[in-house]
Amino acid sequence: MLDSSSLCCANCGTPLTSFGVDASGVTCLTCQFFNSPNALLPTPAITLDVLGARLSDLVAQARASALPLNDIVHVLRNELEFTAELASGGRDLCIQIIDLGPRVSQIIQQSRRDGSVMLRGRSVGG
């Protein structure tokens with residue numbers, strides 16, 4: 001019998017209880033993934049700060065490896081969507097990144113540069 005007091009699902013990271021754990025593995029009650037004994041992971045001791053730092057490092061490594069920025073965003077969006085669906089069981093969710101246009105500081109810099117004001121991507125002469 002495996003000790004599941006410190007094990008989590010290899011697919012979604014949900015801590016596993018001792019219910020249903022045996023030599024053949026356990027099915028995660030959250031994502032229904034079958035965890036074989038060699039796939040079970042110890043529960044990590046991670047904080048939100050560590051998670052943020054690791055994600056930042058991964059994105060920096062991806063950019064340094066010349067992965068296209070759109071591909072990086074796509075992968076992150078998929079992971080966020082998967083995590084959000086796990087957190088809200090029984091619901092289909094879609095993560096959207098919405099382009100809100102240039103930052104205010106960019107509009108001000110543009111305005112100072114050529115004497116016009118940028119409004120939602122359109123130039124208004126001034």
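Leaving aside neighbours within four places in sequence, C28 is in contact with C9, C12, T14, L16, F33 and N35, where contact means heavy atoms within 4.5 Å. The model is predicted: local features need pLDDT of at least 70, side-chain atom pairs count only at pLDDT 80 or more, and totals for chains, interfaces and linings use all residues. Residues are numbered from 1 along each chain as its sequence is written, and side-chain values use heavy atoms, without hydrogens and water.

**Core and buried residues**
- C28 also belongs to the largest nonpolar core, whose 6 residues are C9, C12, L16, V26, C28 and C31.
- Such a core is a set of buried Ala, Val, Leu, Ile, Met, Phe, Trp, Tyr and Cys residues joined through side-chain atoms within 4.5 Å.
- N35 lies in strand 3 (residues 34–35) and is buried, because its relative accessible area is 0% (buried is under 20%, exposed over 50%, partly exposed in between, with a 1.4 Å probe and protein chains only).
- The side chain of N35 reaches the backbone oxygen of F33 at 3.2 Å.
- Of the 126 residues in the chain, 13% count as buried.

**Surface**
- L48, in helix 1, counts as exposed because its relative accessibility is 73%.
- The chain exposes about 9800 Å², of which carbon and sulfur atoms supply 58% (Shrake-Rupley method, 1.4 Å probe).

**Overall fold**
- The chain has 3 helices and 6 strands, which are DSSP runs numbered from the N terminus (helices H or I, at least four residues; strands E, at least two).
- Along the sequence their pattern is β-β-β-β-α-α-α-β-β.

How values were computed
A polar contact is a pair of N or O atoms within 3.5 Å; within protein, one must be able to donate a hydrogen and the other to accept it, and residues adjacent in sequence count only if both atoms are side-chain atoms.
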